[in-house]
Amino acid sequence: MCGIVGYVGGGSAKEMILSGLKSLEYRGYDSAGIALIRKGKLLVRKESGKLKALEAKVGGPEFDGPIGIGHTRWATHGAPTRENAHPHQSGDGRIAIVHNGIIENFMELREELTRENEIRFVSETDSEVIAHLISLYYDGDLFDAVRSASRRMRGAYAVAALAESEPDRIIAIRKDAPLIAGVCAEGGLIASDIPALLKYTKDVYFIENNEIVVVTRGGVQIFDEEKTRMNRTRTHIDWDVTAAEKGGYEHFMRKEIFEQPAGIRETLRRRIDDSGHIALDDLEFTKEELDGLERIYIIACGTALHAGLIGKALIEKYARIPCEADLSSEFRYRDPIVNERTLCICISQSGETTDTLEGLREAKRKGAKILSIVNVVGSSVARASDHVFYTWAGPEIAVASTKAYTTQLTSLYLIAMYMGLLRGTTDEAACGRLLGELAEAPAMVEEVLKNEERFIGLAKEHYKKEKIFYVGRGLDVVTAQEASLKLKEITYINSFAIAAGELKHGTIALITKDVLFFALATQAALYEKMISNIEEMKARKAQVVAIAKAGAGRIGEVADDAFFIPECSDEIAPLVSIVPFHLISYHIAKLRGREIDQPRNLAKSVTVE
Ligand code: F6R
């Protein structure tokens with residue numbers, strides 16, 4: 001959840017680190033710090049709170065140098081205090097480290113270091129043990145000390161270390177936490193995430209588990225555990241710097257909501273060839289392979305799982321292969337029936353979510369082939385997969401996922417149709433119709449976005465409500481779940497989503513006049529049923545706002561209010577009908593004065609279990 005940045009070179013390490021950490025603010029953090037080597041002295045400054053507090057502490061030229069590491073911390077072990085902030089130092093102050101992840105055996109190590117080496121700990125964190133361990137093994141070679149220390153650590157980590165007596169290099173290591181390195185005109189760089197490096201380079205090395213990186217002014221060198229130098233090619237990142245900036249928008253979330261038409265268009269453009277056919281040949285599926293599949297599992301978390309739930313319906317409909325969508329965190333522990341006749345589709349915006357990565361590994365161990373749908377090029381999920389389908393949403397910075405979701409859905413339409421065509425379970429005409437509609441989807445989303453004033457009005461009317469529930473039937477149940485998640489995470493309003501037919505089996509007891517329902521009714525065959533459900537809610541005095549397709553008829557009279565998305569097929573509806581909820585949640589959060597891009601307790605990529 002935390003951010004790491006490091007720099008060695010001819011420029012100002014402080015400037016690079018602060019700029020890098022700023023671009024990682026979206027990850028969520030509650031303290032920050034920097035360690036630098038200046039004129040042979042290791043200097044550390046850290047502060048609780050936001051980067052501004054740290055900036056105030058490192059203002060003058062006396063705190064700068066050609067080499068440094070920085071960190072933004074999101075508190076897990078220990079409160080967000082200055083003591084618990086990174087960098088952590090060895091007792092003699094000559095080693096400093098920053099760490100992402102969790103050291104699972106830190107209590108054991110802490111006790112041992114206290115008992116046998118009389119080390120006095122100054123923080124409550126798991127990370128501090130790393131600084132002391134490295135110092136214990138330090139014999140004039142930071143590389144060897146980091147390597148030895150890592151052998152004692154269990155858990156997940158990306159660590160960058162500095163030694164006062166080696167003012168020309170940073171040593172970093174990773175295991176199950178993201179770490180990338182790059183080279184710019186003036187030196188070598190390291191970071192936990194791509195946006196931190198974008199301003200300096202777009203060509204990065206993805207560091208693999210247990211690899212050690214040496215960052216110097218001359219560049220970066222990567223070694224395996226045995227100290228063998230690895231020959232790596234760099235990956236070019238196609239994002240531009242401005243894509244990771246707010247560009248005049250008040251919040252990243254609103255910017256990203258408005259970027260959805262472009263994201264859908266780009267995801268389609270990359271996968272539809274000049275003759276209008278779906279081009280997924282690089283995934284290298286054969287008809288025999290698909291015919292031989294017993295089942296497909298889609299695994300993902302949160303919003304990505306909601307995309308997966310729609311994907312399940314599409315794959316079953318078009319490719320006629322039994323498909324289950326499961327939470328990664330449940331899948332990995334429930335001994336799922338997986339073998340070589342299983343395809344596991346992992347969906348992840350960041351490609352770094354630990355639950356999904358571990359679920360992927362579990363499926364792989366059992367013999368499944370892995371197809372991942374990922375937004376971040378070269379991320380851990382992508383690298384661990386047999387086939388990768390990249391979404392082209394561009395960097396998603398706001399914690400609440402919007403454009404990643406609609407591009408994930410777009411990818412799933414294409415994958416389901418592609419599989420169906422290859423297997424012969426669907427025909428060109430049916431796919432042609434859906435593809436034609438997909439091509440129209442960006443314009444439909446644009447149409448919805450034009451109604452922002454209407455959603456602001458709805459937000460003004462309802463932002464003080466304490467209970468907002470979402471209902472639907474068929475694919476609308478998933479949209480209801482995603483809409484409810486969006487509301488919860490950025491407004492903190494109590495909310496859930498339920499299949500409308502399930503209300504009467506218990507939940508109906510919660511309905512009072514204080515409840516607001518958003519009722520989705522975009523699925524033609526279930527439209528009349530939804531009208532009855534809305535009547536049920538109205539009879540119990542709840543307020544109901546309906547979302548239906550243009551031309552849907554009397555729903556506007558049954559509900560208190562209704563918004564109509566452009567006319568489209570039932571299958572395409574989820575791609576369009578989620579967008580009003582993005583804007584409604586955003587404006588409710590704004591009216592409630594919430595930290596929209598970085599809601600409390602949340603981080604952008606969840607690299608802990
Ligand atoms: C919600 C949200 C989360 C993520 C989830 C998975 O708005 O962003 O629910 O969808 O943590 O993250 P990724 O897709 O990075 O694996």
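**Loops, helix contacts and ligand**

Reply: D176 is found in the loop that runs between strand 8 (170-175) and strand 9 (180-184), where strands (E, at least two residues) and helices (H or I, at least four) are DSSP runs numbered from the N terminus. The model is predicted, so local features need pLDDT of at least 70 and side-chain atom pairs count only at pLDDT 80 or more, while totals for chains, interfaces and linings use all residues. Residues are numbered from 1 along each chain as its sequence is written, and side-chain values use heavy atoms, with hydrogens and water left out.

Me: What is the phi of D176?

Reply: Most residues other than glycine have a negative phi. D176 is not a glycine, yet its phi is positive, at about 60°.

Me: In which loop is R320 found, and what is its phi near?

Reply: R320 is in the loop between helix 9 (302-319) and strand 16 (323-327). R320 is a residue other than glycine with a positive phi, near 50°.

Me: Which kind of peptide bond joins H86 and P87, cis or trans?

Reply: P87 has its place in the loop between strand 4 (67-73) and strand 5 (88-89). Most peptide bonds are trans. Between H86 and P87, omega is about -5°, and the bond is cis.

Me: How are helix 3 and helix 4 oriented to each other?

Reply: Helix 3 (residues 106-117) and helix 4 (residues 128-137) have axes 10 Å apart, at an angle of about 50°. Axes are lines fitted to C-alpha atoms, for helices over the stretch in contact, and angles run from 0 to 180 degrees between N-to-C directions. Angles under 35 degrees count as roughly parallel, over 145 as roughly antiparallel, 65 to 115 as roughly perpendicular and the rest as oblique. Helix 3 and helix 4 are therefore oblique.

Me: Which residues of helix 4 meet helix 3?

Reply: Contact means heavy atoms within 4.5 Å. On helix 3 the residues are F106, L109, R110, L113 and N117, and they meet helix 4 at V129, H132, L133 and L136.

Me: Which residues of helix 20 make the contact with helix 16?

Reply: Helix 16 contributes A483, K486, L487, I490 and T491. From helix 20 come F581, H582, S585, Y586, I588 and A589.

Me: How is helix 15 oriented to helix 20?

Reply: Helix 15 (residues 452-462) packs with helix 20 at an angle of about 50°, their axes being 8 Å apart. This angle makes helix 15, relative to helix 20, oblique.

Me: Which residues of helix 20 meet helix 15?

Reply: Helix 15 uses E452, F455, I456, L458, A459 and K460. Their partners in helix 20 are P580, L583, I584, H587, I588 and L591.

Me: Which residues come nearest to the ligand?

Reply: There are 14 residues around the ligand, a residue being near if one of its heavy atoms lies within 4 Å. Those that come nearest are S348, Q349, S350, T353 and E489.

Me: How far is a polar backbone atom of V399 from an oxygen atom of the ligand?

Reply: An N or O atom in the side chain of S348 is 2.6 Å from a ligand oxygen, and a polar side-chain atom of S350 lies 2.6 Å from an oxygen atom of the ligand. For V399, a polar backbone atom is involved, and its distance from a ligand oxygen is 3.2 Å.

Technical notes: Polar contact = N/O pair within 3.5 Å; in protein donor to acceptor, adjacent residues only side chain to side chain.
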